[in-house]
Amino acid sequence: ALRERLKIQEKGKNTGVLELVLESANQAKARDILNEIISVYAEQNAQRVSEEAQRSIDFLDQQVPKVKQELALAEDAVNAYRAESSGTDMRIETETVLKKIVAVESRLNELQRKENEISGRYKKDHPTYVTLLKQKNSLLKEKASVNQQIQKLPVTQQELLGLMRNVEVASAVYVQLLNKREELKVARA
């Protein structure tokens, strides 16, 4: 009987705001019922968010050691290359390109992680998802531009840059994962 008298609909399109209307002759009783429905919904939603956060934490707990190992391997490769090529150092031009490519790749990794999060909540035509995809496409174009700059560098600088990029990106991803894991622990709590 309650279901027949209860109407729930979203206010606007993709707002996430729900409107609840309960037809009843007793206004006080209707208010109490709606308050209880809202309370139960809020509790279930908090539990769902906590469970999602825990699943994400579990996933990150698996990824952190892998990324840490990748970082160690990348650092070893740079050290081996420098030892092999008599301590070759980066020129200022190469360092500038490295900073650009690391920034772009770090942002791409962050956007990919965000896309993985929101893909379960939103369709691809949702404004949040559309904005994310536009940002991702923009970064991919920027990455292509930086890769063209890399092609103009001497071969030894390209090799060193590639190795250093691996270290910097792995380091940035590692820090992002640790930070995200801490954020999720707070969200779960």
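Okay, let's start with Arg48 and Glu52, whose side chains meet in a salt bridge at 2.7 Å, N to O. By salt bridge I mean a side-chain nitrogen of Lys or Arg within 4 Å of a carboxyl oxygen of Asp or Glu. These two sit 4 residues apart in helix α2, so about one helical turn separates them. Arg48 is partly exposed at 38% relative accessible area, and Glu52 is partly exposed too, at 27%. For that scale, buried is under 20% relative accessible area, exposed is over 50%, and partly exposed is in between, with a 1.4 Å probe and protein chains only.

Quick caveat: this is a predicted model, where local features need pLDDT of at least 70, side-chain atom pairs count only at pLDDT 80 or more, and totals for chains, interfaces and linings use all residues. Numbering runs from 1 along each chain as its sequence is written, and side-chain values use heavy atoms, with hydrogens and water left out.

Now, how many salt bridges turn up in the whole structure? The search finds 10.

One of them pairs Glu23 with Lys7, closest N and O atoms 2.7 Å apart. Glu23 is in the loop between β2 (18-22) and α2 (27-84) while Lys7 is in strand β1 (residues 6-10), so this pair ties together parts 16 residues apart in sequence. Helices (H or I, at least four residues) and strands (E, at least two) are DSSP runs, by the way, numbered from the N terminus. Glu23 comes out partly exposed at 43%, as does Lys7 at 47%.

Then there's Glu182 with Lys185, at 3.8 Å between the closest N and O atoms. Both lie in helix α5 (residues 155-188), 3 residues apart.

Last one: Glu105, Lys143 and Arg165 are linked in a salt-bridge network.
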